[in-house]
Amino acid sequence: MIGAAGLAALFFYIWFSLSQNGLLQIPERDPGILILASDGSVLAEQGSFNGDDVRLAELPDYVPNAVIAIEDRRFYSHYGVDPLGLLRAVFANYRAGRVVQGGSTLTQQLAKNLFLNPDRTIERKLQEIVLAVWLENHFTKDEILQLYLNRVYFGSGATGIEKAARTYFQKSASEIDIAEAATLAGVLKAPSASNPASNPEAAAERARLVLQSMAEAGFITPEQAAEIADRPAEVKSQPFASAKHYVVDWVKEQLPDFVRDYEQSLVVETTIDPVLQAQAEAELRKALSTAGAKLQAGEGAVVVMDGGGAVLALVGGKSYKKSQFNRAAKAKRQPGSAFKPFVFLAALEEGFTPNSVEIDEPVQIGNWRPENYRKKYLGPVTLETALALSLNTVAAKLAARLGPQTVASVAHRLGITSPLGQDASLALGTSEVTLLEITAAYVPFSNGGYPVAPFAVTRILTRDGKVVYERNGSGFPQAVADHHLADMNRMLRLVVTEGTGTRAAFPGFDIAGKTGTSQDYRDAWFIGYTSDLIAGVWVGNDDNRPTKRVTGGHMPAEIWRMVMEPAHRGLTPRPLPGEPLIASQEPSTISEVLYDAGAAEESPRFEEPRQAERRGLFEMLFGAISRPHLFEPDEPRRRRGPMTEEERRRRARGDR
C-alpha cells in the first residue's frame, strides 16, 4: 500500500509539473506553405498544409497492422503502458548486458515524439509514461494510431507515412502493397540503418521480420508472409529532383520580406509557367549530358522572364538532387561580352550611332592591352559591326573614352545590382554578375526601355483566404529613349541574324541578343529576347575550370533556341520596340569573309562537319594535306560573299 501510494504521488507530481509547463496538449504542426504555379498547379508543399496528411480510414488494413505487429502487438489492449512489454524488455536487457529493447508502446513513442526530447533518462521515461496515459485518456486508439503514423520519422527526410510512401515508392500511402507496408514499418526502429534507399539489404531483412510478426499476430497467414518475403519491395526513387525546387527555395527565401510572422498555413501564388519550367530543365540537362560532356562543361543555368520582370522559369543547375546551389540567382560569374550592350548604349547616349566608325586595331589603355580573341583586326568598322562580331578592342576604346563610371551607371540603371569595376576592362565583362540580374537588365531592350525587378511571387494568402501580400506598383520610369532603343535593337538583332549568335535564331520572330565568353572559356553566356520573352543561359563549371572552347554562341545559344522556340508557339510576332531618328534602311549584313576574319569569340556561324580521316604514313611524316570540307547531304553549303537583293528581302521578313 505504501509503495502504491508512493507511485501514485510520483505520478500526480509528474502530471502536475507537465501541466504547469503547458505540455498536456497536442502541439500544433508548424504552419504549412503551399506554393502554386501560374496555372494553379502545386509546385511544392512544405509542412502539413491541411492537418494530418492521411486518415486511418483511407489506408488498407495491412498498413497500420504492419506497424502494430512490429512495434506494439497489444496496442488495442493496454492503456498506454504495457507492463508485460516492460518486463520483457527489462529481462532482455539484463540478459544482453545492454539496452536491446525499449519496451515502449506506440502511445509512449507518440508522447516522446510530440512532447519530449530524446534523452535517455529515468525522468524522461517517467514523463513519457504519464503523457502516454494522458493521451489514452483524451483520444481513441484509432486517433492515437493516426497521429503516430503522421508524426513519426521514416528516414530520408520523410516525416509521416504519406511522405514516406511518396519518397520511397512514388505513390500514396493508400496505394502501397503489403511488401511496401512491411518495409516502411521496418524503418521505424532505425531509420538510417534500415533505410530502403541507402541500405536495401538491411531494409529487406527487417521487412521479413515485420511479415513474420504480422503472421504471428494473425494479420496474415504464414504462407502469405513467406510468399511476400520472396518478393521484397523495390524503392522507386526518382533519379533526379525536379529543377522546380530551385524556384521553391528562391521563393521561400523571400517569404520573410513579404510575411514576417504567420500562424496559419500560407498559399503562395507565383508566376512560374510549369510547362516552360519543364522545357528549360529538360533542354539544359540534355545539352549538358551530351555536348557538355564532350566539351567539359558540367553545369549551367536558365532564366526566362516576361517584359514585366515576372520569372516564368528558373533552372539553377543540372541536378538539384546533386547540388541545391542556385546558379541562376546566386552564382556570380564574369559575363564577358554579354556586358557589351551597356557599353554601346552609353556610347549612343553620348552621341554615337550604329553607323559611327571606330578603328579595330591593337590598343593599349594604361598597362592593359585588350585583344580580340582571334588576335585579328579589321581596321575601320561601324559600331553595329563591332558589336555583332564582339570586337574587344572597340568596346574597350569606347569604355575608356566614355569613362568606366558612365558605363557602370548605365548598367546599374538598367538593372545590374552587383558592384562594378572602375576601369576600362569593365567593357569586356570582368565584373561578376548573376544570370538573373543580367537577364533582367536586358528586359528594357524588349519592353520599351523600362527597367524591372525580377520577381516570382504575385500574392500570398492564408489558408482561409485572407490576402497578406499582393504585388502592385507602377514600376520604374523609362530608362532608355525610344531612338536609342531602336538603335540598340538594330545592333543586337544583327548579332542573331549575322553575328556571333546565329544559333539562337528561329523563324517568324524578331530576335536580338548577345553572346558572352569569359577568359579561357570559363563561362559562356547568351542573353536574348523577343518582344514577348527574355531568356538568359549560362554554361560553365562550378570550380571555374575552363571548358573545351565553349562559347556563348555555341551551347548557350542553342539551349536558348530550344527553350524559346516552343515558348513562342501561339504568340503573335511583333517587332522589337523603338523609334529610330532616321528611317530604317535595308537590314545590315556581314559577309562570311568579314565574319571569319573578325569574330572575336565565336566559332564559324555554321559548323561544317568534317569527315573522319585516318592519317597515312606520308601525312604522318610530312603533315596533313588540306582537303575540302564535306557537308551533310541535306544541308546546302552557305554561299560566301555579299547577299543578293532577294536574300536581303527574305532576311527583312524574318525568313531564314
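Predicted model: local features only at pLDDT ≥ 70, side-chain atom pairs only at ≥ 80, totals over all residues.
Buried residues account for 50% of the 656 residues, and the chain is built from 23 helices and twelve strands. If you take the contacts with a sequence separation of 6 or more, 71% of them link residues 24 or more positions apart.

Let's begin with the sheet that contains β1. Here five strands form an open sheet with mixed pairing, in the order β2-β1-β3-β8-β9. β2 (42–46) and β9 (467–470) stand at the edges with a single partner strand each, so one side of each has no neighbour in the sheet. From one strand to the next, the twist averages 15°. Zooming in on one pair, β1 (residues 33–36) and β2 run antiparallel and are joined by four bridges; within this pairing, I33 has Q46 in β2 as its bridge partner. Helix α11 (residues 244–258) packs on this sheet, where it touches β1, β2, β3 (266–270), β8 (457–462) and β9. The direction of α11 makes about 60° with that of β2.

Now move to another sheet, the one that holds β4. Five strands form this open sheet too, in the order β5-β4-β12-β11-β10, and their pairing is antiparallel. At its edges you will find β5 (311–315) and β10 (512–517), each pairing on one side only. The twist in this sheet averages 5° from one strand to the next. Eight bridges connect the antiparallel strands β4 (residues 299–306) and β12 (residues 533–540), and V302 stands opposite V537 in β12. Two helices deserve a look here. Helix α12 (residues 274–289) packs on the sheet by touching β4, β5 and β12, with its direction at about 30° to that of β5. Helix α19 (residues 482–497) also packs on the sheet, touching β10 and β11 (523–529), and its direction makes about 65° with that of β10.

The largest nonpolar core has 118 residues, and the members that touch the most others are F342, F344, I438, Y442, F445 and W560. Helix α18 (residues 435–447) gives the most to this core, contributing eight residues. A second, separate core has 49 residues, among them A66, I144, I161 and A215.

Notes: Residues numbered from 1 in each chain as written. Heavy atoms only, no water. Pairing = 2+ DSSP bridges. Axes fitted to C-alpha atoms, helices over the stretch in contact; angles between N-to-C directions. Contact = heavy atoms within 4.5 Å. Core = buried A, V, L, I, M, F, W, Y, C linked by side-chain atoms within 4.5 Å. Buried < 20%, exposed > 50% of the residue type's maximum accessible area, 1.4 Å probe, protein only.
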